Amino acid sequence: MKKHLTAISSWLDRPFPYSETAASKIRVSVLFGLFVFLFLAFFQPFGIEDIEGHKYLYLSGFGLVTFTVMMITFFVLPLIFASFFDLDNWRVKNHIVFTLSNVLLIALFNWLYNNQAAVKTSEYNDLPSFLVITAGVGLIPVVILTMYIERKLLKMHNEVALDISSRIEKQRGANINEESITLLAENSNERLQLPQSQLICIGSEGNYSKVYYRDDGKVEERMMRIPLKKVEVELGKYKKIVRCHRSYIVNLQQIEYVSGNARSYKLHMTELDFTIPVSRSFPKTIIEQLVIG
């Protein structure tokens, strides 16, 4: 029993992709609304088969309610619960909680819609019944789909990560660029100059940037008053120094290997004890750049 609970807990804590773009959120909302309508129209459960008159117009209302609720949860809830919707830490458990919230809200508004429509579907007219009905229609397919998507994306990203890591290993030590780079803080009183090959990565710290670099065989850190966006502009001419995430700029020459999860990829940098994410909002070609000379 303990083994199974540990496995479930581990699965719930796995990274999971979140619909980040407005287009993907609208697409998912439309698909779920359409699914609810088609499910009810095709199987006609819960006494629906006994309805006479404008049955399909009535059923389309449930699909419209589903679409509207999901649009609200996609676009409004992240503004209210910003910490919960931290996309860099979005996991299977977040996705399931988010889905359950959708189920509860869809059930509530479907119940209100049904009362407004004044259509009697056998004994299924109270809110608890609508909650059970909505969960039966939507929750089980969503959980199954979540498991399928997580496993499929994990497998795909792991395969790509292994392939890239293998090619990085073959090219290790080749074409090391010793060109000097210079970072100048906004107050112009502080600068950091070093060979490109010694830079590991740069992380965002609000209006500051933390530079990780190698000096005399050990990793050093330096906080500089300069936003990461400005660093990106200053280092834009260096092809092997790229921004891979909203919070990180990396030196592609310092990548040890790449790992994958269902959400995206992680970069394992030379001598760093933390990994660097590759954001899904950046072009996918960022991965290809890892092996371009």
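**Close-up views of a predicted model**

View 1. R243 is buried, with a relative accessible area of 18%. Here, buried means under 20% relative accessible area, exposed means over 50%, and partly exposed covers what is in between (1.4 Å probe, protein chains only). Before you look further: this is a predicted model, in which local features need pLDDT of at least 70 and side-chain atom pairs count only at pLDDT 80 or more, while totals for chains, interfaces and linings use all residues. Residues are numbered from 1 along each chain as its sequence is written, and side-chain values use heavy atoms, with hydrogens and water left out. You'll find R243 in strand 6 (residues 241-245). Helices (H or I, at least four residues) and strands (E, at least two) are DSSP runs, numbered from the N terminus. A polar atom of the R243 side chain lies 2.5 Å from the backbone oxygen of R246, and a polar atom of that side chain is 3.2 Å from the backbone oxygen of H245. Polar contacts like these are pairs of N or O atoms within 3.5 Å; within protein, one must be able to donate a hydrogen and the other to accept it, and residues adjacent in sequence count only if both atoms are side-chain atoms.

View 2. Two strands count as paired if DSSP finds at least two bridges between them. Strand 3 (residues 199-205) and strand 4 (residues 208-215) have 6 bridges and run antiparallel. To spot one of the pairs, look for G203 and its bridge partner in strand 4, K210.

View 3. Strand 8 and strand 9 are joined by 5 antiparallel bridges, and they make a hairpin with 4 residues between them. I255 sits opposite M269 in strand 9. On to the next pair: strand 9 (residues 265-269) is linked to strand 10 by 4 bridges, and the two run antiparallel. Y265 has V278 of strand 10 as its bridge partner, and L267 is opposite I276 in strand 10. The hairpin of strand 9 and strand 10 has 5 residues between the strands, and there E271 takes a positive phi near 65 degrees. Is strand 9 enclosed or open? Strand 9 is largely enclosed by the rest of the structure, because 4 of its 5 residues are buried.

**View 4. The nonpolar cores.** The largest nonpolar core has 19 residues, and those with the most contacts inside it are C201, V250, I255, V258, L267, M269 and I276. A nonpolar core is a set of buried Ala, Val, Leu, Ile, Met, Phe, Trp, Tyr and Cys residues joined through side-chain atoms within 4.5 Å. Helix 6, strand 3, strand 6, strand 7 (248-251), strand 8, strand 9 and strand 10 each give two or more residues to this core. Another core, of 17 residues, lies apart from it and includes L183, L194, I202 and M224. Back to C201: leaving aside neighbours within four places in sequence, C201 touches K210, V211, Y212, I249, V250, L272 and I276. Contact means heavy atoms within 4.5 Å.

**View 5. D163 and Y257.** D163 is part of helix 6 (residues 127-171). With 39% relative accessibility, D163 is partly exposed. Although D163 and Y257 are 94 residues apart along the chain, their C-alpha atoms are separated by 9.9 Å.

View 6. The buried residues of helix 2 are S24, K25, S29, G33, V36, L40 and A41. Those buried residues pack against helix 3 (55-75). Just past the end of helix 2, Q44 takes a positive phi of about 50 degrees.
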